Amino acid sequence: DVLALGELLIDFCVSVEADGTPRMVGSAGGAPANVLAAVCRLGGTGQLVAKVGRDLFGDYLERCVKALGIDTTSLLRDPCRTTLAFVQLAADGDRSFSFERNPGADTQLQAHELHPTWFEQARVFHFGSLSLTDNPSRDATFSAIDMAKAADCIISFDPNLRPPLWRDLDEARSRISTAIALADLVKISDDEVLFLTGESNLDEGISRLRSAYPSVRLAVTCGAKGAIVDTDSGHVHIPSLPVVAIDTTAAGDAFLGALLYRLTRSDGVLRDAIWDDNLFLDAVSFANAAGALTTTKRGAMDALPTLPEILAHLPA
Ligand code: ADP
């Protein structure tokens with residue numbers, strides 16, 4: 001169903017327990033891999049185009065991704081080391097990131113390493129902005145988008161802005177804007193809408209994006225508040241499930257994986273489903289539930305909900 005390209009790395013999550021004890025847990029991470037893990041957890045199929053090092057971290061990641069049911073035919077090895085991410089988790093569940101990446105294997109994907117058959121088997125091609133920070137992975141990502149379009153895949157993009165990874169935020173804004181223009185479907189957070197448009201009002205920001213990219217379907221995520229979709233009858237706010245969030249890691253990825261899964265399961269042409277307001281709003285409610293349930297458990301891939309868990313929280 002979904003072919004995703006981007007970083008696969010080790011997330012070291014550092015937090016402090018209620019009693020003051022420090023805690024550090026290492027696990028497989030990377031937003032595109034999380035999105036695929038969400039798709040596979042629900043019963044869909046996913047394949048990852050990524051690069052890890054020829055090291056023990058790379059071996060570990062390959063095992064983890066395989067165990068999640070993700071197709072690793074396009075998981076490549078590079079002489080550079082596997083990228084490591086350090087995630088600090090604050091008491092309110094907020095996260096901050098830093099990366100060990102000099103350069104990390106994830107930035108080393110080359111255009112000539114991509115195979116057209118990967119794209120021909122997929123219905124959706126998904127990517128995020130981390131592979132756009134550095135070359136050669138930036139050029140490889142744009143080649144992959146061309147190949148995905150040639151294979152008639154729906155293009156899905158998540159800006160997933162991590163400011164510390166960019167030398168300069170104007171560059172981030174410009175590259176993310178270029179990527180949005182190439183996509184059919186973009187999951188974007190409320191903060192990213194404000195960052196990209198320079199607006200201070202979210203509704204104005206969404207309208208600005210909609211008129212700048214009329215052929216891109218937007219799903220705007222707003223944390224505990226749920227999501228906003230721009231429809232033919234104006235902006236529709238879809239509330240999320242009321243949950244007690246303990247760790248918001250991968251909520252956005254769970255949301256997107258579930259959105260893609262639900263859309264690929266609807267009857268008819270996928271491109272039409274994306275633009276059918278009823279189908280799309282239904283898929284966003286489903287995605288909200290996936291995001292919300294993910295926040296109720298610690299971790300990223302381990303916290304992703306199953307199909308029965310989501311359906312139990314939705315009206316029949
Ligand atoms: P991102 O900023 O990565 O897109 P969000 O934090 O907005 O991710 O979360 C994605 C989705 O997960 C939200 O749109 C919402 O549906 C759900 N979600 C996230 N946090 C909560 C929460 N505290 N309570 C309920 N749902 C949540």
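Residues are numbered from 1 along each chain as its sequence is written. Because the model is predicted, local features need pLDDT of at least 70 and side-chain atom pairs count only at pLDDT 80 or more, while totals for chains, interfaces and linings use all residues.

Q: In which sense does E2 run with E6, parallel or antiparallel?
A: E2 and strand E6 (residues 84-89) run parallel and are joined by five bridges. Ile-10 stands opposite Leu-84 in E6.

Q: Why is the crossover from E4 to E5 called right-handed?
A: Strand E4 (residues 46-53) and strand E5 (residues 75-78) pair in the parallel sense over four bridges, with Val-52 opposite Arg-77 in E5. The chain crosses from E4 through helix H2 (residues 56-67) to E5 as a β-α-β unit, and this crossover is right-handed. The term applies if, with the strands pointing away from the viewer, the path from the first strand over the helix to the second runs clockwise.

Q: What makes E5 and E13 edge strands?
A: The open sheet of nine strands has the order E5-E4-E1-E8-E9-E10-E11-E12-E13, with mixed pairing. E5 and strand E13 (234-238) each have a single partner strand, so one side of each is left without a neighbour in the sheet. Neighbouring strands of this sheet are turned by 20° against each other on average, direction ignored.

Q: Which residue of E11 is the bridge partner of Ser-189?
A: The partner is Thr-221. Strand E10 (residues 185-189) and strand E11 (residues 217-221) run parallel, joined by five bridges.

Q: Why are H6 and H7 described as roughly perpendicular?
A: Axes are lines fitted to C-alpha atoms, for helices over the stretch in contact, and angles run from 0 to 180 degrees between N-to-C directions. Angles under 35 degrees count as roughly parallel, over 145 as roughly antiparallel, 65 to 115 as roughly perpendicular and the rest as oblique. Helix H6 (residues 190-197) and helix H7 (residues 202-212) pack at about 65°, with their axes 9 Å apart; they are therefore roughly perpendicular to each other.

Q: What is the handedness of the crossing of H6 and H7, left or right?
A: The crossing is left-handed, a term used if the near helix is turned anticlockwise from the far one by less than a right angle, with right-handed used if clockwise. Residues in this contact include Val-193 and Leu-194 of H6 and Ile-206 and Leu-209 of H7, where contact requires C-beta atoms, placed from the backbone, within 7 Å.

Q: What is the geometry of the packing of H8 and H10?
A: Helix H8 (residues 251-264) and helix H10 (residues 277-294) pack at an angle of about 145°, with their axes 7 Å apart. Their crossing is right-handed. Among the contact residues are Phe-255 of H8 and Phe-286 of H10.

Terms used
Two strands pair if DSSP finds at least two bridges between them. Helices (H or I, at least four residues) and strands (E, at least two) are DSSP runs, numbered from the N terminus. Two residues are in contact if their C-beta atoms, placed from the backbone, lie within 7 Å.
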